[in-house]
Protein chains: 2
Amino acid sequence: MKTTENQTAANSSVISPDELHDVIQSALTAHGASPENAHIQAANLVEGELRGHASHGIRRLRVLIERMRNGLIDPNAAPELTWIAPAVLRIDGKRGFGPVVAQRAIDEAVARAEETGIALAAISNSSHIGMLAPYVEAIAQRGLVALLLTTSEALVHAWGGRKATVGTNPIGLGVPSQGEPLVLDMSTASVSMGKVIDYAATGRPLPEGWAVDSFGRPTSDGRAAVDGGAISPFGGPKGYALGIALEAMVGVLTATAFGTEVVGTLDTELPATKGDLLICVSLERLGLLGMLPLLEQYFDEVRQTGVAAPVDIPGDRARRARDAHLANGIRIDREVWLRALAYAEGTLAHD
Amino acid sequence: MKTTENQTAANSSVISPDELHDVIQSALTAHGASPENAHIQAANLVEGELRGHASHGIRRLRVLIERMRNGLIDPNAAPELTWIAPAVLRIDGKRGFGPVVAQRAIDEAVARAEETGIALAAISNSSHIGMLAPYVEAIAQRGLVALLLTTSEALVHAWGGRKATVGTNPIGLGVPSQGEPLVLDMSTASVSMGKVIDYAATGRPLPEGWAVDSFGRPTSDGRAAVDGGAISPFGGPKGYALGIALEAMVGVLTATAFGTEVVGTLDTELPATKGDLLICVSLERLGLLGMLPLLEQYFDEVRQTGVAAPVDIPGDRARRARDAHLANGIRIDREVWLRALAYAEGTLAHD
């Protein structure tokens, strides 16, 4: 979800990424997180804002803090890492911050892939990991192909079905190139629930293909979608097939929940039952670094086929947004910002 | 592509799967293939027909035979297998039949995954592997999660671009369950080129979202799509992003070609430059077989949300088609069938 349209100058402020980071970090340390872990979690939310996805930005702070207060996140947890096979790592996050647990998993899996060629890390019992792009981009910059998947609350209906039974199950894929890596980070839903809720609140009709009502009928009524309906998969039956296939793969390999039993990233009352799955492959170990100039050449050829402007390779658009936000600051909703400041000062009572 | 609509009883015949297999196998042995390799390749084409995808069926025989005659396929090639890292196998197919090379790769990668947990096989220099579903289904039935990817001729335009620069790059994913496995096999294009050619031939207007013309403009004119235009990705920009990400990943990891340099599966003049990539993960090795009843339960819950009929889990529909074709035979275009018989009798001259 991009910055919502009602975030005008009147009820929002432009904040520098550094200040944003520091306030989030302070909010987290004020609630018991170590400075180091608070930094990793704060940087993750800032990355969401920098790349233009406010839904994965500072707005998540409230749920994080509430989950910490409710004992559902242990900000200083020591994840339990077990190599259950030579190239497969199991990580029990012990209710830790998603980005902190993910970073441990990545460092271990990358090091192992440099030996075995490919390695897999299966994470459970860890909080929301945020956008996938920053992780796979960083791994690709280290010279590895990275596939990162995560399950999420059931918000999407099966094709031909009613009710939400499939997560928005995003797919993250980073592929190194000679220049900037290809960075794919896309949900398998047609739209975020946050956006549907925004439309429902203002009464604007939903575009075709976004959602169904509780009878499984396509609907333009945001309230009907939110109230017992479901978001549609992107791309029709293929998007559904991809989404449920990823749900099955991640759930089985991380030994976590499926469908409506996936909870604990949007709410503030339930332990997180989703799983995160990372597969990485070392190009250096496999002697494949020589492919990178060829890939870059391909990307340039594709870019040049643009009709009105150069075509984007996945990752290009987020990189432009990031550069602009780094230069000009990030527009943050006033209420969200004031709440973050209050959290940082320790003056905000329990919700 | 399903059976085309002009395949009526008048110009087609119903053939039993066994007879279909035997005629294809005879056609291949008549052109120098060993009985064993001819069997594997024939079974692959029959599987395409059984699952309702005639585009991956006996129609491919002509290109296979012509490629054998032109020395572009060596039906008895000995693939060169090299473990370039403990969990990564490189296979040079030596111009062998795609299914024969793939089967070698699968057997080796599955055996290695039973030790290392996960294994990757990167295949180059091998002919078209056919549908992905039969491979990933068979691997899943052996208790492994299987991700199988292959690049293909550039037929799809980038989002916002003109000209075909991305393959139809299908994604195959098999996930074991307690009952039948989940089997995903989908192209990242909105439609097959074969179908667009059919529409162009009859002058029927293309549905919205299928293709663009040579200026990158959406078109309903099949001829404009075929003549310098391109097929559209499925699901808009997300489908494009997924397709090019898979192209980059497969091309880099198999050290094969990208974009318009991918040739040799549709034509009869050029060596095959595409790559095939297999990743498999052993559930037994990782102690995860206990997840399978939970996954089956999830699938059943999803099936029951169907509005008009039970929802399909990926693989269900092809399984029904397969059962029906096994029971009732397969309708084959008369001209295609007569050509196969002539190939089998060795009476068909070079095209």
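1. Basis of the note. This is a predicted model, in which local features need pLDDT of at least 70 and side-chain atom pairs count only at pLDDT 80 or more, while totals for chains, interfaces and linings use all residues. Residues are numbered from 1 along each chain as its sequence is written, and chains are lettered from A, with ligands numbered from 1, in the order in which they are written.

2. The sheet of chain A. Chain A has an open sheet of 7 strands in the order S2-S3-S4-S12-S5-S8-S9, with mixed pairing; strands here are DSSP runs of E with at least two residues, helices are runs of H or I with at least four residues, and both are numbered from the N terminus. Two strands pair if DSSP finds at least two bridges between them. S2 and S9 of chain A are the edge strands, each pairing on one side only.

3. Strand S5 (residues 144-150) of chain A pairs with S8(A) in the antiparallel sense over 4 bridges, and A:Leu149 stands opposite A:Ile171 in S8(A). H8(A) packs on the sheet, where it touches S4, S5, S8 and S12 of chain A, and its direction makes about 90° with that of S12(A). Such angles run from 0 to 180 degrees between N-to-C directions, and axes are lines fitted to C-alpha atoms, for helices over the stretch in contact.

4. The contact between the chains. The contact takes 59 residues from chain A and 59 residues from chain B, where two residues are in contact if their C-beta atoms, placed from the backbone, lie within 7 Å. H8(A) gives the most to the side of chain A that touches chain B, with 11 residues. The residues of that side divide into 41 nonpolar, 13 polar and 5 charged; Ala, Val, Leu, Ile, Met, Phe, Trp, Tyr, Cys and Pro count as nonpolar, Asp, Glu, Lys and Arg as charged, and the others, Gly among them, as polar.

5. Helices H2 and H4 of chain A. The axes of helix H2 (residues 35-50) of chain A and helix H4 (residues 98-116) of chain A come within 8 Å and cross at roughly 100°. H2(A) is therefore roughly perpendicular to H4(A), a term that covers angles of 65 to 115 degrees. In this contact, A:Asn37, A:Ile40, A:Gln41 and A:Asn44 in H2(A) meet A:Pro99, A:Val100 and A:Gln103 in H4(A).

6. Helices H2 and H4 of chain B. In chain B, the axes of helix H2 (residues 35-50) and helix H4 (residues 98-116) come within 8 Å and cross at roughly 100°. The residues of the contact of H2(B) with H4(B) divide into 3 nonpolar, 4 polar and no charged.

Technical notes
Angles under 35 degrees count as roughly parallel, over 145 as roughly antiparallel, 65 to 115 as roughly perpendicular and the rest as oblique.
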